[in-house]
Amino acid sequence: MAAASDMEKEQIFAMAEKEMEYRVEMFNKLTHTCFNKCVENKYKDSELNMGENSCIDKCVSKYWQVTNLVGQLLGNTRPM
């Protein structure tokens, strides 16, 4: 197989850059959503309590399940 041209390398780099931006955005949304849902506005302790930890674990798990499901559904739909 021939080496990738400069244009192909640029396209690959641009795609990788977009993928990284997407993953950072997804992580930020996950963090924001689960934090707002699970952590009280009044900070009583310097550490998360057991209820907050449990809530965050469940929130993150559900977020990834839904994200994966949506990705699978979008991957299975083909333009006609």
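The structure holds 3 salt bridges, a salt bridge being a side-chain nitrogen of Lys or Arg within 4 Å of a carboxyl oxygen of Asp or Glu. The model is predicted: local features need pLDDT of at least 70 and side-chain atom pairs count only at pLDDT 80 or more, while totals for chains, interfaces and linings use all residues. Residues are numbered from 1 along each chain as its sequence is written, and side-chain values use heavy atoms, with hydrogens and water left out.

| Salt bridge | N to O distance |
|---|---|
| Lys18 and Glu21 | 3.9 Å |
| Arg23 and Glu19 | 2.8 Å |
| Lys29 and Glu25 | 3.2 Å |

Lys18 and Glu21 are 3 residues apart in helix α1, about one helical turn; helices are DSSP runs (H or I, at least four residues), numbered from the N terminus. Arg23 and Glu19 both lie in helix α1, 4 residues apart, and Lys29 and Glu25 likewise lie 4 residues apart in helix α1. An α-helix has 3.6 residues a turn, so residues three or four places apart point the same way.

Accessibility is classed as buried (under 20% relative accessible area), exposed (over 50%) or partly exposed (in between), with a 1.4 Å probe and protein chains only. Lys18 is exposed at 56%, whereas Glu21 is partly exposed at 44%. Glu19 is partly exposed at 38%, as are Lys29 at 43% and Glu25 at 42%.

Met26, Leu30, Cys34 and Cys38 are buried in α1, and the buried residues of α1 pack against α2.

Glu52 lies in helix α2 and counts as buried at 10% relative accessibility. Beyond its neighbours within four places in sequence, Glu52 is in contact with Cys38, Val39, Glu40 and Glu47, contact meaning heavy atoms within 4.5 Å.

Leu74 is found in helix α2, which comprises residues 50-76. Leu74 is exposed, with a relative accessible area of 59%. The C-alpha atoms of Leu74 and Phe13 are separated by 24 Å, the two residues being 61 residues apart along the chain.

How values were computed
Helices (H or I, at least four residues) and strands (E, at least two) are DSSP runs, numbered from the N terminus.
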